Amino acid sequence: MSNESGPPESLIDLQRTLNAAAEEARSRGTSPREWRPWVEAAAAVENAFAEHAAAVGIGVDELRSAVKKAARTA
């Protein structure tokens, strides 16, 4: 990612929310109802990634990679 300061904390927090929703869904089962919070969180995260990437002029994939790395290591 071209921004040396890294991705915004707000996007990292969204990714952590997504990760937590996936863990929660995995612990409950595989039904669509159990995965609904994850699906909703994933849509919010992807929208936020697209908006931020467009605003700062970077690729969504580059941003997504940086956010996922930061969410794992922070």
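Modeller: In H1, the buried residues are Leu11, Ile12, Gln15, Leu18, Ala21, Ala22 and Ala25. This is a predicted model. Look at the spacing of those numbers. An α-helix has 3.6 residues a turn, so residues three or four places apart point the same way. The buried residues of H1 pack against H2 and H3.

Now the length. H1 has 20 residues. From first C-alpha to last, H1 reaches 29 Å, close to the 28 Å expected at 1.5 Å a residue. Gly29 follows H1, and its phi is positive, near 145°.

Next, the partner H3. Two packed helices are described by the angle between their axes and the distance between the axes. H1 (residues 9–28) and H3 (residues 60–73) pack at about 70°, with axes 9 Å apart. Angles of 65 to 115 degrees count as roughly perpendicular, and H1 and H3 are therefore roughly perpendicular to each other. On the H1 side, the contact is made by Leu11, Ile12, Gln15, Arg16 and Asn19. On the H3 side, it is made by Leu63, Val67, Lys68, Ala70 and Ala71. By type, the residues of this contact are 6 nonpolar, 2 polar and 2 charged.

Terms used:
Residues numbered from 1 in each chain as written. Predicted model: local features only at pLDDT ≥ 70, side-chain atom pairs only at ≥ 80, totals over all residues. Heavy atoms only, no water. Axes fitted to C-alpha atoms, helices over the stretch in contact; angles between N-to-C directions. Helix = DSSP H or I, 4+ residues; strand = E, 2+ residues; numbered from the N terminus. Parallel < 35°, antiparallel > 145°, perpendicular 65-115°, else oblique. Contact = heavy atoms within 4.5 Å. Nonpolar A, V, L, I, M, F, W, Y, C, P; charged D, E, K, R; others polar. Expected span 1.5 Å × (residues − 1). Buried < 20%, exposed > 50% of the residue type's maximum accessible area, 1.4 Å probe, protein only.
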